[in-house]
Every structure is written in structure tokens, then in C-alpha cells.
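Hello,

Here is the structure we spoke about. My notes on two parts of it follow below.

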Amino acid sequence: MIKEMIKNHWLKKMTSVIVAVAFTVSPMTSSYDTKAFVVTDKDVTRLERLSQPSTSYKFSTNELGVVNFHPSWGDKEANINSMLDYIDDAHELGVKILLFPEMCVTGYVSSSNPAAEDYKWAVESAEELDGPTARTFAKVADDYDMWIIYGATQKIEGDTLHAYNSAFACSPEGDITAYQKIHPVEGSWCTPGETPVLLDAGSYGKIGLSICYDTYATPELGRYYSAQGCNLLLNPTATSRGYSLEDDSAWEWYYKNRIESAASREGFTIMSSDLVGKDGLNDKYTFPGGSVILNGSAAYYGGTVGANGKGNTKADIITGEEGLVTNVTALTARSSGACNNKDFNPELYTQLYKELADKKANGESLSYKSTTKEQPRAAVVNMTGYWGNKDKTKAKMIDYIKEAAGKGVDILVFPETVLSGYGYVEPSKDPFYHKYGVAMQVATAESIPGETTYELSEYAKKYDMYIIFGMTQKEKKYRMYENGVEKVYNAAAILYPDGKIDSYQKIQRAGQEDQWSVCGTTPKIIETKWGKVGIDICRDGHFYPEVGRYYAAMGCTLFIHPTATTGNAWYRESRIGSYTDRDGMAAITCNLLGGDGIYNPSGTFDPTNDEANFDENGNFVGGDSIPEDAGEYDASNTYWKSSSWIGTGGIFNSTSLIITKTRLGIDLNGTGSESEVYAQNSLTSPLGLEVADMDLSRSGFSITGFNPSLFSKMYNELAVLYRGEYKSVYGENAVAKPVTINVNLIPELSEETTTVEETSVVEETSVVEETTAVEETSVVEETTVAKETSAVEETTAVEETSAVEETSAVEETTVAKETSTSEKATQPVVNKKKTTAATIEKVKGLTVKSLKRKISVRFNKVKKAKYYLVQYSTNSKFKTVKKIKTKKISVVLKTLKAGKNYYIRVCAVSGKTRGEWSKSKSIVVRKK
């Protein structure tokens, strides 16, 4: 092959510029006949990449706010009053953008029974875009110069049986815009929306709205926003603790995996606001709260223990606490995702989703479940190739193939470009450029099928094994040129047990791959005895979820992903794990591990010395001698230092993963962070083979309300906006635009429709602890293998426990404990309430009893009371207080300071009406 390149070297200068549609190839004028086939030079051209918007704004401390909101189910008036109190608190802190949770105005409803009370409530409580609730908040937003976004049900014109689950956005100018949840999972009362909402927030940037399941299950919406410069994604949510009633760990994993992968992929900052506490008709749901503010580097600015704006994927989310959470330090919200990359390809995604939409329109299902009885044994090979030396690399690969065969492996995956090495070397230092006039990757490229794939295919047949490995691929009948430079594909060779040879060409390039490769255009799905398998490479899966979604919706239950990722790529587990958790595909992702490029710690390498640099077969043998016993990752070893290597590869020391789906998340099968040497190897996989038995029984794709038609139109719109000469598939205005009304142009509200009454008393609190006297005893199971459980699943048993020894479902959180003044300052949780004049009985019979670091509180029941507020303070005048909200007449105040004297008082609340405070009682908390 190298000799052939020398013979035909003159052809590389013959190029022509031909205008073509995206990713087409057009014949050039010269050809050369060699080895029984015609070599024709072709120019690979794409549509002009037009500039895309980007936005950035630095928010000062406390300018962003999210609320852990505990609604009074079925009582809009009480909820609106409570929200107005939070808005007042936020205004005092200087909040500029304030987010409330999904359905906070009404309380949460999930029902498909039109005769049910909660179904009726969801529909009957719905209001128009310019309804009294929206008018109330829009006027406050205008007065306070604040963005206020909240969740409520919205009327559908002409439909009295259904409503939208909407997020209403009120601007500082008094504008009202609503986003209707596109993928509702709340039952048949809720009609899906079809209108993305990207708000122009002036100097703050662009705000995208996405409700709960839309955020967690549909990356397409975030992509649409990101491509248009979105720097803030707001996620009003109602995610429940339905995963496990014992603790929040399963819920927290799901929540973090979904929002961290979205933020890190798109680059925008996410504000997520969740309901907290008991909610729903008869308190059938339990919500954890867990509202957070985080950016693309998994840096939490609010909502986690010790939030500080520094990346922390192990951060503990605060649950079980009502209150306002603001950013504890300044943060810059910017649009910086892969949607601005030149290889972002909305033209292709338009066609992929259109294919899915056509299938759905023809009555074909886009939901799948694995039916395989046999389960595959898979292996990844953590290794690097020898840069520019295919013969030496092949020998190493064959050894691993034999080892895998001895372990009974069915599917063996090697990393990206393993055959020839990954790193791009600039022409002045690349010996292949000096000798052949092309990059190493081009000089060592082969057609597929070709010499190496034919050779290794014999092992695939011999061992009844699928073998997938990375290499550079040239076309058999022509050379490809892009902008006058000869290039090849970054490809994955696919070898079947029956001798078939196939390949996939990487669609989205990374780093300096554009110096030697052109983009592929076609997804690859292969058929195996375990079901369909989709294949992509590195950046395709890490930053572009569209191809993976296409695979899942086309029935793939397994996803294979060779990669070349340097450093501690913390996002790999969440990004690739999302294909398993969200899309239902088990995943095998194999990364390079070790040094890559020209080894030159001595600094004496001479790229022009052909005799020293190449053997008789054209393999690169130059540079310093590579140590064969470098061992596991060791940053102090010369081999493991990037400075020892010439090229963009340097050191690869990230992870490989074999992932399968479980009922409550994913299983890494002992790979990645679960591998034995992961911690001691500085968060790196072990060298060589990792083997796992995969269980595909829970694999399968099922997204509630999956709407490929809308997504195709959204990508089509992006192509129209950002690709020169692109011809729209759907014509103009295929994606509906949101409606906006300004409150100042609406006639004033009458007294009869005024929802909120001004109130008087302010109670300052710092930390809220919910101590309801219920113990949840059932665990909610997912009803289908791959079905997403966005929000809430009904619990089936609630059992009251003794009043004194009650344990709340949310008690075991770190923030529920007493914290120091400095800790409170870095994690503001505020809940100031205002109440109207008392028209309800005063609480009587208050008794308190000291326990070990606890106080038992009892009092008499009050008629018409919906709940009670219990305040406790170390100050007799209650200047600073903590409080709890409970429906029970006995509670236990916990994690108190031993030896301290506490004052306790109680009042009853019904709707917006609160009774007088009881006479306070004081007691010293005992130590033992």
C-alpha cells in the first residue's frame, strides 16, 4: 500500500472545486488505472457552515433561584400565596431568574380516569395563557424586574376534557409565554405540546424551557435550544422518590445522570426545580426536592451539600427540604456545546428522524424489547497501537484475540484507530508527510475489506467471534480530497463470525481529526443472534446523541462505541450510560490506554531520516525505543508522560465500559469506576482485556410520546438557519412559534378574579425539616423494561407510625441537620411565609418532652386545619426560627443541640388562613 502511494503521489495535487450538496462526492477530471481497478480523485464537499449564535452572561451571587416547593394539593390560592412569599424573599436577595417546579400551582396529578377527582382537578384548574394566575405573576415580575417561571395546567381552546402541563414564563417586562410539555407522562388528561420555547432574555442570554421528562428523556429538545445559543435551560420538574421508598440514592442517580449528561454535552447551565414532600390526591406521591443549579462541568452552584461552583460528580443533592436555593457564588452561563461544531449535522438528523416518523406514520412501533434468550460475553481491550506500525500492532491484537477466545468471548471490541495509532502530527514533524506527502493516517489507510481485515477475519471465523476495531479507511476506487488535502475515513472495521466484513465511518470528528479525515454519512446497524447492534465512534456518542437515538428507535438493544478519549473523561460514564439508562441499549465502549504518537523523551527525533524511520515494509520504527514493560498507569513513569510523545494523542488514561440496564439504573459489570484497579490507576482502566457477561433482558427502547416528526422538523429548521443553500424538507414555519402576551395590555383584573391577598406577618427561617408521620412500605417497579419513569408512580401502601418515634421519608439528609453559620451562608435555603388574619382556632394543649437531642411535640387537633406549622427557636421572641409543616398533631424535632434551651409554638393553617400562634413552651434538650 505504501509503495502504491509513492507510485501515485503525483495524483494528490490534482483537485477541483465542485459545488455539491452536503456530504456528496463528485468525480474529478483525472484517474489512474492500477491493480485492476480505477482510482479516481474526488472532492468531498459540504454545505457552507453559517455562523451560529452564542451567548454568555456572568450572574452574580444569588441572581439565580430555584425552589423546593411543597404545594397544598388542590388549593391554588394557598400555593399562589406561598409562591408570592418566595418571590418576595428572592427579590430581597437580588434574584433575577426564579424557577418554581412543575404543576406547583395545582399540585401534581397523574390520572387517565376522566371520572377521577384528580383528573377533573387537573382539567378544571387549568387557565388560559392570560388567566388570573399568569397575570398575577406577570405583574410581580414586571414590578420586581425578575423572570418568574412556574408550572401549572393550561386550558386547551375548545377542549373541556384535557389540558396542557405547562411552564408559564413571566418576563421583567410583563410578557407571558407558556411552554407545553411535549412528552407528558401524567396520564390521558394531559395533551402533548409541539412548541419549543426559547426566550430572549436580553443580556442574560437565551432561556430554553423543558419540563421534567422532556429534559430527562429527549435530548433533541436541548440540542435544538443549544444550536440557537441557549445558555440557560430551565427544568421545572416533578420527579418522585418512586424508585425507592427507603432512600433517595436511586432517584438521585437517575436525576444526576440525566441533567449532568445534558449540561456537560450542551455546555449550558441548568436550573432544575422540584416539588418536595407529600403531594397528590390523598398524599399519594412523595417528592424529594433536590432543586439544583449546575453548569456543563458538573459544577453545582446550589442545591448540593457544600455547593461551591466546582466540578463534583459525587456531590450530594439536598433532599427533603423546602425552601429557596440560590447560586452561592458567581457563575457564567454560556452556550458552548457541540451544536456549534462544524460537524454538527442537522441535515442528516432531519433525514434520520424523518425515517423514524415515516415508520410511525405507517403504523410501525418504535418501542422494542430484547427477546434474546442467549446472552453475549463481551470484552474490551485497553491498549494503544504502535503509531504508524500496523504489522507490530496486528501481532499485539492477534494475541488479545486468542486470549479472548480462551475466555469464551463472543464480542471483542478494540479502541478507535488502534491499528495505526491515533495522534495527528503536524506536517513538519510527521515522517509520513516527509516521505509520502500525506499524514500518517492517510498513508496507512486501507480499504475495507482489505489486507488487514481479511487477515483478522480468519480469527473471527475461527473463534466464532465478532471483532470490532478502529482503523483508517480509504475508498477502494478513488482518493478523497477536502479543501485540496487528501483525507480518509476514521472507521470501525466489523468482522463477523461467518466471514462477512463491514465498516462504519465516523460522522462527527474530534480535535484535529479534520486534518486527515472526512465525515461519514451513514449509521451502521448489524444483525446478530442477540438482536440489532448499532455502531458509532467516540465523539459520535459522546457529543451527538442523534445517531444513538436512531439506533434505539430502529430496534437496537446493544450499542458499540470504540473511542480515543484522553485524560480523566468524567463524562464518559454518564454520557454512554445514558444510552443504556435512557434509550435502553446495553453499551460496549472501548478506549485507548497508554502512550500514542512518536515516542521521543530524548528530543532527538528527526522526521527527515527515512532510513531510520521506516522498515522495508513501510512501517514506522523511528523515535526512541518504546518500553514494553511500562505497566499500569503511573504518572511518574516517563512512558506515561504526554511530554514524551509527539502528536495529539500523547497519553490515553481514561476508561472502557461494559454497561447493561437494571431496574433502577445501570450496571457497569465490574468495568470503569467499578474495576479493581480504577482508583489506584488514577481513575483509569486496567491494561488489556476486561471481560463481562452481559444481560440484555432489560434492554429496549420505549419513550412515552416519542415524537420523531417534530424532531425532524426542528433539525430541518436548524439546517435552514445554519447551512448555506440547504433546501427545507418541510417548507416554512414547520415548527410552531410560541404565543406571548404582555400583561400591561390586558384589562385590569376585577376584585372577583384577584387570586392573592396582601399579607402581613413574616417569619424568617433558614432550614426546613419535614417530619410527616408516615412510613412508605411499597416499592414502585417500572412496568416495562425500557419505559422511562419520569415523574411519579403511585405508591400503594401508607402506614401511620407512632407520633413520637416517627421517621420522615426525607429525614436522612445532610442538610436537615443543624449546620454552622458558614455552611448556611454557602447554601441558602430560605422559606419566609406570610399569612392573612386569623379566622381559624388557636392551637391548644401544647406539650413538649425532651429526648436525646430531640424534642417531642404534641397538641390538640384543630377543626378545619389542613396542616400545622411548628416553629422552634433558641430565641424567646422567635427572631430566627426553624419550622416544619405537618398534618399530624405530634412530631419529633430532631438533630437539636444538646443542652440548648428551645422555644416551641404551633399554629393551624387552612387554605390561605392561618390561626394565631399558641403560647410558646420552652425546654432544654437533654444530652442522654
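Helix H7 (residues 249–266) and helix H15 (residues 571–581) have axes that come within 9 Å and cross at roughly 115°. Axes are lines fitted to C-alpha atoms, for helices over the stretch in contact, and angles run from 0 to 180 degrees between N-to-C directions. H7 is therefore roughly perpendicular to H15 (65 to 115 degrees). In H7, the contact residues include Trp-253, Tyr-254 and Arg-258; in H15, Tyr-571, Glu-573 and Arg-575 are among them. Contact means heavy atoms within 4.5 Å. By class, the contact has three nonpolar, five polar and five charged residues; Asp, Glu, Lys and Arg count as charged, Ala, Val, Leu, Ile, Met, Phe, Trp, Tyr, Cys and Pro as nonpolar, and the others, Gly among them, as polar.

This is a predicted model: local features need pLDDT of at least 70, side-chain atom pairs count only at pLDDT 80 or more, and totals for chains, interfaces and linings use all residues. Residues are numbered from 1 along each chain as its sequence is written, and side-chain values use heavy atoms, with hydrogens and water left out.

The other part is a sheet. Three strands form an open, antiparallel sheet in the order E40-E41-E44 (strands pair if DSSP finds at least two bridges between them). Helices (H or I, at least four residues) and strands (E, at least two) are DSSP runs, numbered from the N terminus. Four bridges join E41 (residues 854–858) to E44, and Ile-855 stands opposite Leu-893 in E44.

Regards

Note on methods. Parallel < 35°, antiparallel > 145°, perpendicular 65-115°, else oblique.
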